[in-house]
Amino acid sequence: MADIMEIHEIEEKQALARAVLEDLPEWFGIPEAREDYILQVSTQVAFGAFHHMGACEKPVGFLCLKETGKDTLELSVMGVLKECHRKGIGTKLFTAAKNFAVSRGYSFLQVKTVQMGRYPEYDATNAFYLSLGFREFEVFPTLWDERNPCQVYVMSL
């Protein structure tokens, strides 16, 4: 199982994001968008998941949060290496992020993804967020573009 830790150094946040996102072309295959995520993590709260192998640490996942209002944090980007999917790492990352939000007095978490029923990869993403306790809030049909309607999920803390 992976150890979860908050990451503070900008270079470490960006290196972790790059290592994970480049392994997930199904979700982060547009190079410009992927680079934008990597750039944005420098100003966000970041958690990393690491497997310890002897004296080495292997990064296997990350999650970032950004404030979208005085009471709300958004899970802005998250990824786990494909070889580590369905092993509880995403849930552990989310638990650390949720605990952080609660400890800082936030009332809500939100996350945006592509609406269910558009692509199998995003259907799995939607199912994951629902399993964590997020609830459907609203769909913005053209926020990103017509082929990728934006589903917003929220969670009360």
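Visitor: Is Asp145 buried, partly exposed or exposed?
Guide: This model is predicted. Asp145 has a relative accessible area of 26%, so the label is partly exposed.

Visitor: With which residue does Asp145 form a salt bridge?
Guide: Side chains of opposite charge can pair when their charged atoms come close. Here the closest N and O atoms are 3.8 Å apart, and the cut-off is 4 Å. The partner of Asp145 is Arg147.

Visitor: Is Arg147 buried or exposed?
Guide: Exposed means over 50% relative accessible area. Arg147 comes to 59%, so this residue is exposed.

Visitor: Which residues join Arg18 in one network?
Guide: Take one pair to begin. Arg18 and Glu35 meet in a salt bridge, N to O at 2.6 Å. Arg18 sits in helix α1, and Glu35 in helix α3. Salt bridges that share partners join Arg18 with Glu22 and Glu35.

Visitor: How many residues apart in sequence are Lys82 and Glu26?
Guide: Their side chains form a salt bridge, 3.4 Å from N to O. Lys82 lies in the loop between β4 and α4, while Glu26 is in helix α2, so the pair ties together parts of the chain whose separation is 56 residues.

Visitor: What is the relative accessibility of Lys82?
Guide: Lys82 counts as partly exposed. That label needs a value between 20% and 50%. For Lys82 the value is 36%.

Visitor: How many salt bridges does the count come to?
Guide: Each needs a side-chain nitrogen of Lys or Arg within 4 Å of a carboxyl oxygen of Asp or Glu. By this rule the count is seven.

How values were computed: Residues numbered from 1 in each chain as written. Predicted model: local features only at pLDDT ≥ 70, side-chain atom pairs only at ≥ 80, totals over all residues. Heavy atoms only, no water. Helix = DSSP H or I, 4+ residues; strand = E, 2+ residues; numbered from the N terminus. Buried < 20%, exposed > 50% of the residue type's maximum accessible area, 1.4 Å probe, protein only.
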